[in-house]
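Here's a quick briefing to read with the model open on your screen.

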Amino acid sequence: MNTPLNFAVMGNPIKHSYSPRLHALFAKQAGLNIHYEKILVPLDGFEIAVKTFFEQGGKGLNITVPFKLQAYELAKANLSPRARLAGSVNTLWMKSGHLHGCNTDGIGMVNDIQRQGISLENKKILLLGAGGAARGVILPLLETGCRQLLIVNRTATKASELVQQCLTDLPQYAGVLSAGGFEQIQGQWDLVINATSSSLQQNALPLPTGLFTNNSLAYDMVYTPENDTPFLQQARQDGATLTSDGLGMLVYQGAESFFIWNQVRINPAPVLEALRQELLAG
Ligand code: NDP
């Protein structure tokens with residue numbers, strides 16, 4: 001067999017990462033011979049780790065907590081528009097001797113929602129949270145042609161600053177994008193996304209009732225084996241019938257990285273199904 005192409009995910013901690021499993025399943029489907037490993041990088045050793053990886057012939061890197069901002073800085077000369085607006089990078093590769101960076105989290109989430117048969121064109125979207133994950137999904141959400149995107153955050157000023165920054169780069173969305181605090185949420189929404197870490201802390205969010213219509217989707221970026229989180233439970237109690245955790249986001253962001261590196265489009269749906277079964281089996 002030919003020499004494998006080398007990939008890795010870098011983070012600290014990194015033990016929990018499903019990326020090697022995901023990419024092994026993608027490669028099997030694509031008929032590619034790859035080697036994908038987890039690299040635990042010291043907190044002060046990210047730049048040298050990236051340099052060494054590519055000097056040794058590495059083809060592509062995924063980057064996770066806490067290095068996404070440093071990856072952005074390293075690839076600053078060659079960022080995709082998604083990475084530039086997200087302000088962080090989760091995918092690195094070399095091209096013509098230069099480091100390039102993209103952020104595939106947001107497009108991964110949008111693709112996961114669309115595979116569920118949901119179009120976001122002309123829809124009202126409520127995004128909860130203004131941290132790195134929220135920031136990463138803003139441009140892909142706006143590009144769906146949604147009618148309204150309201151970003152609310154526990155610290156409301158953070159949401160306002162984020163929206164102001166985005167509108168400086170994307171003034172054409174001034175009528176679509178707005179910010180506020182939880183107390184400003186009113187009316188019904190087609191899509192409510194939890195991009196806060198509240199579900200990790202098992203906390204309910206201070207949401208008003210009556211947010212969901214019969215066809216609204218409640219989406220939590222956090223995932224669990226059972227596709228259930230405190231936010232999704234809260235949403236169901238408020239009448240949401242469509243609920244989704246973030247496992248699909250993880251799989252679909254990986255598929256976008258795989259495409260950037262290998263120029264091969266795989267079908268992520270069976271990989272998502274396989275990963276869900278593996279998580280349920282423990
Ligand atoms: P950050 O630390 O950058 O931001 C955390 C956000 O959560 C802030 O907006 C913070 O508000 C808010 N928050 C935290 N606790 C609470 C609470 N109890 N009530 C209300 N708001 C709260 O984290 P990230 O943005 O990087 O990640 C957010 C979540 O998204 C994480 O749970 C992460 O696991 C998940 N994620 C999932 C991915 C996937 O592929 N499925 C990919 C990336 C992230 P404040 O500003 O007021 O502190």
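What follows is a short tour, grouped by topic.

This is a predicted model, where local features need pLDDT of at least 70, side-chain atom pairs count only at pLDDT 80 or more, and totals for chains, interfaces and linings use all residues. Residues are numbered from 1 along each chain as its sequence is written, and side-chain values use heavy atoms, with hydrogens and water left out.

**Around the ligand**

- The ligand has 22 residues around it, and the closest are A133, N153, T155, K158 and M221; a residue is in this shell if one of its heavy atoms lies within 4 Å of the ligand.
- By type, the shell splits into 10 nonpolar, 10 polar and 2 charged residues. Here Ala, Val, Leu, Ile, Met, Phe, Trp, Tyr, Cys and Pro count as nonpolar, Asp, Glu, Lys and Arg as charged, and the others, Gly among them, as polar.
- Helices α6 (132-142) and α9 (247-262) each put at least two residues into that shell. Helices (H or I, at least four residues) and strands (E, at least two) are DSSP runs, numbered from the N terminus.
- For oxygen atoms of the ligand, there is an N or O atom in the side chain of R154 at 2.9 Å, and a backbone N or O atom of S197 at 3.2 Å.
- A nitrogen atom of the ligand sits 3.4 Å from a polar side-chain atom of N203.
- On its own the ligand would expose 930 Å², and the protein buries 76% of that (accessible areas by the Shrake-Rupley method with a 1.4 Å probe).

**The six-stranded sheet**

- This open sheet of 6 strands runs in the order β8-β7-β6-β9-β10-β11, with parallel pairing; two strands pair if DSSP finds at least two bridges between them.
- At its edges are β8 (177-180) and β11 (242-244), each pairing on one side only.
- From one strand to the next, the twist averages 15°. Axes are lines fitted to C-alpha atoms, for helices over the stretch in contact, and angles run from 0 to 180 degrees between N-to-C directions.
- Strands β9 (189-194) and β10 (212-220) run parallel and are joined by 5 bridges, with F212 in β10 as the bridge partner of W189.
- Helix α8 (230-237) packs on this sheet, touching β6 (124-128), β9, β10 and β11, and its direction makes about 175° with that of β10. Contact here means heavy atoms within 4.5 Å.

**The five-stranded sheet**

- The other open sheet has 5 strands in the order β2-β1-β3-β4-β5, with mixed pairing.
- Its edge strands β2 (34-40) and β5 (98-102) have a single partner strand each, so one side of each is left without a neighbour in the sheet.
- Ignoring direction, neighbouring strands here are turned by 25° against each other on average.
- β4 (91-95) and β5 pair antiparallel over 5 bridges, and K95 has H98 in β5 as its bridge partner.
- Helix α1 (19-30) lies across β1 (5-11), β2 and β3 (60-63), at about 170° to β2.
- α9 lies across β1, β2, β3, β4 and β5, at about 5° to β4; α9 also supplies at least two residues of the ligand shell.

- N12 and P13 are joined by a cis peptide bond with omega about 10°, and P13 lies in the loop between β1 and α1.
- Another cis peptide bond joins V65 and P66, with omega about 0°; P66 lies in the loop between β3 and α3 (68-74).
- N122, in the loop between α5 (105-115) and β6, has a positive phi near 65° without being a glycine.

Definitions and conventions
A polar contact is a pair of N or O atoms within 3.5 Å; within protein, one must be able to donate a hydrogen and the other to accept it, and residues adjacent in sequence count only if both atoms are side-chain atoms.
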